[in-house]
Structures are given as C-alpha cells and as structure tokens.
Amino acid sequence: MTKQNIKVDPDIIKYPVITDKTTKDVENNIYCFKVTKKSNKNQIKATVEEVFNVKIKKINTLNMPQKIKTVGRFKGKTTQYKKAIIQLYKEYKIELFEN
C-alpha cells in the first residue's frame, strides 16, 4: 500500500468523547473522538498520529444519528456528528486527563 500525501489538519479533531464506556476503553488503549463530518479515516489517522505523536493500529468511524430530546413541553433534535474510535499500539498512550 502506498502512502499518499494526506492533508493534516488539527481542526479535524473537535474533542474527545468522554462517557463511562469510553473511560473504561482507555485501559485497552481505545480512544473516542468527535471529528468533522467531512473527514475520512485516512485524514483522521494522519492527524491523530501527528498531533498526539502515536501510531494507530485500527480506526473505526460512524455517523451518530440525531436524537429527539424533550425539554419541558418543547421537542428538539441533537446535532448529528461523526465519531472516530481509535485503537493504538500497546506502547503508545494519549493523555486525556491531567494527573
């Protein structure tokens, strides 16, 4: 497989998704990020590897659907976004939390 010139843009990664499940996955070297909707796996991989100085073993992406939320008597929808689930090699780690 040849490596193409892939544009590295730090704005692709918006922020890490932090839930109970994702904090448990950090122990298995799996991290979850919210990314821009137009980005693809190659762009996400190149950006994460350069910004965090790590090597990615596996990457999965999914488009999170809109959900209907009710606040009082008003109904609205959450914004739709793309989520990237990234697995790193064992020797690498991303520090999401300050000690």
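Does Asp11, at 58% relative accessibility, count as buried or exposed? Asp11 counts as exposed, since exposed means over 50% relative accessible area.

## Model and overall composition

This is a predicted model. The chain holds two helices and six strands, and along the sequence these follow the pattern β-α-β-α-β-β-β-β. The C-alpha trace spans about 55 × 35 × 20 Å along its principal axes.

Of the 99 residues, 26% count as buried. The accessible surface of the chain is about 7,800 Å², and carbon and sulfur atoms contribute 48% of that surface. Among contacts with a separation of 6 or more, 60% come from residues 24 or more positions apart. The chain carries 22 positive and 10 negative side chains, with the centres of the two sets 12 Å apart.

## The four-stranded sheet

Four strands form an open sheet in the order E1-E2-E6-E3, and the pairing is antiparallel. Strands E1 (13–16) and E3 (56–64) each have a single partner strand, so each stands at an edge with one side left without a neighbour in the sheet. Neighbouring strands of this sheet are turned against each other by 30 degrees on average, direction ignored.

Strand E6 (residues 81–88) pairs with E3 in the antiparallel sense over eight bridges. Within this pairing, Gln87 of E6 is the bridge partner of Lys58, and Ile59 stands opposite Ile86 in E6. E6 also pairs with E2, again in the antiparallel sense, over six bridges. Lys34 stands opposite Lys83 in E6. In a regular strand, side chains alternate between the two faces of the sheet.

Helix H2 (residues 41–52) lies across E1, strand E2 (30–35), E3 and E6. The helix runs at about 125 degrees to E3.

Where does Thr47 lie? Thr47 is part of helix H2. Its relative accessibility is 0%, so Thr47 counts as buried. Leaving aside residues up to four places away in sequence, Thr47 touches Lys7, Val8, Asp9, Pro10, Ile12 and Ile13.

## The segment before E1

Asp11 is found in the segment before E1. Asp11 and Val35 are 24 residues apart in sequence, and their C-alpha atoms are 8.4 Å apart in space.

Most residues other than glycine have a negative phi. Which phi value does Asn29 have? Phi of Asn29 is near 65 degrees, a positive value in a residue other than glycine. Asn29 lies in the loop between helix H1 (20–25) and E2. The relative accessible area of Asn29 is 10%, so Asn29 is buried, the cut-off for buried being under 20%.

Asn53 also has a positive phi, near 55 degrees. Asn53 lies in the loop between H2 and E3. Its relative accessible area is 65%, and Asn53 is therefore exposed.

Note on methods:
Residues numbered from 1 in each chain as written. Predicted model: local features only at pLDDT ≥ 70, side-chain atom pairs only at ≥ 80, totals over all residues. Heavy atoms only, no water. Pairing = 2+ DSSP bridges. Axes fitted to C-alpha atoms, helices over the stretch in contact; angles between N-to-C directions. Contact = heavy atoms within 4.5 Å. Buried < 20%, exposed > 50% of the residue type's maximum accessible area, 1.4 Å probe, protein only. Areas by Shrake-Rupley, 256 points an atom, 1.4 Å probe, with all protein chains shown as cover. Lys, Arg positive; Asp, Glu negative; His and termini not counted. Charge placed at Lys NZ, Arg CZ, Asp CG, Glu CD.
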